[in-house]
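Here is a short briefing on one predicted model. Please look over the sequence and the structure before reading on.

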Amino acid sequence: PLTEQEQAVLTQLCTKLNKYFQDGKQIKAVLENHQNGKQMLVANRLSGTDPRYAVRDWILPFMMHFTDLLKVLWTLWSQLKRRQHTGECQRKGIEHLARLVC
């Protein structure tokens, strides 16, 4: 189980990523349906201020949040593996002591 703090961090990152996925669908639709789609993205504040870099300005923050999510997941997985290994070593040690006592 996750701690309250870990759950809060994951929830926040996933919420941000969900928003980017929703915005991405909208951006894709605008770009496919309008020749001046990049200008429309800038005008509707879905992207940066320069139409030439509209998609790049949108995707870079997404990539940073996605990277943050991967780091958090890797950290949690590593901690879990470490706890499992420690628990296994403790169990083996106790079993060994029990065999010596008996």
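E95 and R91 sit 4 residues apart in helix α3, about one turn of the helix. Helices here are DSSP runs (H or I, at least four residues), strands are E runs of at least two, and both are numbered from the N terminus. E95 and R91 form a salt bridge, with the closest N and O atoms 2.5 Å apart. A salt bridge here needs a side-chain nitrogen of Lys or Arg within 4 Å of a carboxyl oxygen of Asp or Glu.

This is a predicted model, in which local features need pLDDT of at least 70, side-chain atom pairs count only at pLDDT 80 or more, and totals for chains, interfaces and linings use all residues. Residues are numbered from 1 along each chain as its sequence is written, and side-chain values use heavy atoms, leaving out hydrogens and water.

**Salt bridges**

- Side chains of opposite charge can pair when their charged atoms come close.
- The count by this rule is 6 salt bridges.
- E88, R91 and E95 are linked in a network of salt bridges.
- E95 is partly exposed, with a relative accessible area of 35%. R91 is also partly exposed, at 37%. The cut-offs are under 20% relative accessible area for buried, over 50% for exposed, and partly exposed in between (1.4 Å probe, protein chains only).
- K28 forms a salt bridge with E32, and their closest N and O atoms are 3.3 Å apart.
- Both K28 and E32 lie in helix α1, 4 residues apart, about one turn of the helix. Both are exposed.
- D50 and R52 meet through their side chains in a salt bridge of 2.7 Å, N to O.
- D50 is partly exposed, with a relative accessible area of 22%. R52 is exposed, with a relative accessible area of 59%.

**Helix packing**

- Two packed helices are described by the angle between their axes and the distance between the axes.
- Helix α1 (residues 4-33) packs against helix α3 (residues 54-101) at an angle of about 150°, and the axes are 10 Å apart. That makes α1 roughly antiparallel to α3.
- Axes are lines fitted to C-alpha atoms, for helices over the stretch in contact, and angles run from 0 to 180 degrees between N-to-C directions.
- Angles under 35 degrees count as roughly parallel, over 145 as roughly antiparallel, 65 to 115 as roughly perpendicular, and the rest as oblique.
- The crossing of α1 with α3 is left-handed. In a left-handed crossing the near helix is turned anticlockwise from the far one by less than a right angle; clockwise is right-handed.
- The residues of the contact between α1 and α3 divide into 18 nonpolar, 3 polar and 4 charged.

**Nonpolar core**

- The largest nonpolar core has 13 residues, of which L41 and L69 touch the most other members. Such a core is a set of buried Ala, Val, Leu, Ile, Met, Phe, Trp, Tyr and Cys residues joined through side-chain atoms within 4.5 Å.
- Two or more residues of this core come from each of α1, α2 (37-43) and α3.
- α1 gives the largest share of this core, 6 residues.

**Buried positions and spacing**

- A54 lies in helix α3. A54 is buried, with a relative accessible area of 1%.
- A54 and K38 are 16 residues apart in sequence, and 5.9 Å apart in space, C-alpha to C-alpha.
- V30 lies in helix α1. V30 is buried, with a relative accessible area of 14%.
- V30 and F66 are 36 residues apart along the chain, and their C-alpha atoms are separated by 23 Å.

Notes: Nonpolar A, V, L, I, M, F, W, Y, C, P; charged D, E, K, R; others polar.
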